[in-house]
Amino acid sequence: MDLQKLVRQNIWNLKPYSSARDEFKGEASVYLDANENPYNNDVNRYPDPLQWEVKEKISQIKGVAIKKIMLGNGSDEPIDLVFRVFCEPGIDNVVAIDPTYGMYQVSADINNVEYRKVLLNSDFDFNSDNLLQKTDKNTKAIFLCSPNNPTGNSLNRNEIVKTIENFAGIVVVDEAYIDFSSQKSFLNELDKYPNLIVLQTFSKAWAGAGIRLGMAFASEEIIRLFNKVKYPYNVNKLTQNYALNLLNNYQEVRDKVATILEERAKLQQELSNLSCVEKAYPTDSNFLLIKVGDADNMYQQLVNKGIIVRNRNKISLCMNCLRITVGTPEENKELITELANL
């Protein structure tokens with residue numbers, strides 16, 4: 001892959017902003033370089049712009065070299081960076097499965113990049129050949145979310161591999177829900193595929209949605225480009241500190257994931273037994289998609305009972321479907337009780 005041919009020329013030539021913390025690395029007794037307030041309150045200094053300490057812990061857990069990791073303000077930041085780095089506004093396009101995570105199209109629209117959808121089949125899966133037929137010489141990236149949102153299923157791994165191997169541009173595999181999946185992550189494939197970007201997040205399994213921290217894994221060359229374009233201090237110190245606390249308690253995170261998987265199996269069975277549920281689709285995530293008779297009406301009835309789920313009725317292939325996150329045993333029981341009484 002000739003990376004320079006994929007990158008926007010102005011980005012390739014860009015001289016990034018050099019912050020004070022970029023120019024000096026290490027510890028000192030007196031800091032007079034960044035115009036900070038000198039009175040210490042734990043947040044008076046700028047944070048590490050490249051989050052090395054956090055990346056070191058992630059590297060140990062994920063088995064990915066530090067220089068192949070970029071941290072962003074949620075996964076939405078690296079998603080946006082794909083467009084800003086690779087896609088020339090008004091000229092280039094990207095291709096994605098449909099339905100899928102809505103921010104891919106929002107980012108495309110913000111960056112004035114054509115967004116081409118390829119409808120999934122009745123099993124919520126895709127065919128690589130059909131996807132690749134939507135590409136042309138101006139297609140810079142393909143987005144694949146696996147496990148997919150809102151359908152919950154993992155995409156066919158062989159089709160993902162076929163897409164990566166047969167597309168000359170960037171393939172983004174969004175693994176936001178991978179910790180709940182039986183499918184193997186693509187992190188171990190980064191050295192094999194220089195056009196691959198894998199996204200993960202602290203928002204789901206790590207119970208860190210509130211700290212807004214996403215992870216992008218790719219070749220050192222792609223990560224350098226992302227770091228070149230991102231804002232200098234894109235991840236604040238409070239987020240970095242909280243992430244370190246989560247990373248240092250990795251076994252607790254794994255235990256909670258195991259509990260969620262147990263609850264998912266129970267919830268899927270209980271939903272399948274309800275007369276008001278026509279189908280509870282198979283899932284590899286921490287949520288379930290269910291088909292009902294009238295999603296709009298059921299959604300409103302649940303709202304009236306103080307139970308909030310996601311109405312996906314207007315999404316492709318999801319007519320009369322609700323997306324339900326796996327909650328605590330008590331929350332799941334309350335949901336089932338109310339649905340049984342509808």
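Visitor: Which residues touch the most other members in the largest nonpolar core?
Guide: This is a predicted model. In its largest nonpolar core, of 49 residues, Ile58, Leu144, Phe202 and Phe217 touch the most other members.

Visitor: Which helix gives the most to this core?
Guide: Helix α10, residues 237-247. It gives four residues.

Visitor: Back to Phe217. What is it in contact with, leaving aside neighbours within four places in sequence?
Guide: Quite a list. Among them are Ile58, Val64, Ile69, Leu187, Leu190 and Val198. Phe217 also contacts Lys62, Lys68 and Gln200.

Visitor: What about a second core?
Guide: There is a separate one of 32 residues. Its members include Phe83, Tyr104, Val172 and Val229.

Visitor: New topic: the open sheet. What order do its strands have?
Guide: The order is β8-β9-β11-β10, four strands with antiparallel pairing. β8 (277-280) and β10 stand at the edges with a single partner strand each, so one side of each has no neighbour in the sheet.

Visitor: How many bridges join β9 to β11?
Guide: Five, and the two strands run antiparallel. Lys291 stands opposite Cys321 in β11.

Visitor: What about the pairing of β10 and β11?
Guide: Two bridges there, antiparallel again. Asn311 stands opposite Leu322 in β11.

Visitor: And β8 with β9, how many bridges?
Guide: Three, in the antiparallel sense. Val277 has Val292 in β9 as its bridge partner.

Visitor: Why is strand β11 called largely enclosed?
Guide: Four of its five residues, in the run 321-325, are buried, so the rest of the structure largely encloses β11.

Visitor: Is Glu77 buried or exposed?
Guide: Glu77 is buried, yet it has no salt bridge.

Visitor: Which side chain of opposite charge is nearest to Glu77?
Guide: Arg84, at 5.8 Å.

Visitor: What does Glu77 touch, then, not counting residues up to four places away?
Guide: Met70, Gly72, Lys230, Tyr231 and Asn234.

Conventions
Residues are numbered from 1 along each chain as its sequence is written. This is a predicted model: local features need pLDDT of at least 70, side-chain atom pairs count only at pLDDT 80 or more; totals for chains, interfaces and linings use all residues. Side-chain values use heavy atoms; hydrogens and water are left out. Buried means under 20% relative accessible area, exposed over 50%, partly exposed in between (1.4 Å probe, protein chains only). Two strands pair if DSSP finds at least two bridges between them. Lys and Arg count as positive and Asp and Glu as negative; His and the chain ends are not counted. A salt bridge is a side-chain nitrogen of Lys or Arg within 4 Å of a carboxyl oxygen of Asp or Glu. Contact means heavy atoms within 4.5 Å. A nonpolar core is a set of buried Ala, Val, Leu, Ile, Met, Phe, Trp, Tyr and Cys residues joined through side-chain atoms within 4.5 Å.
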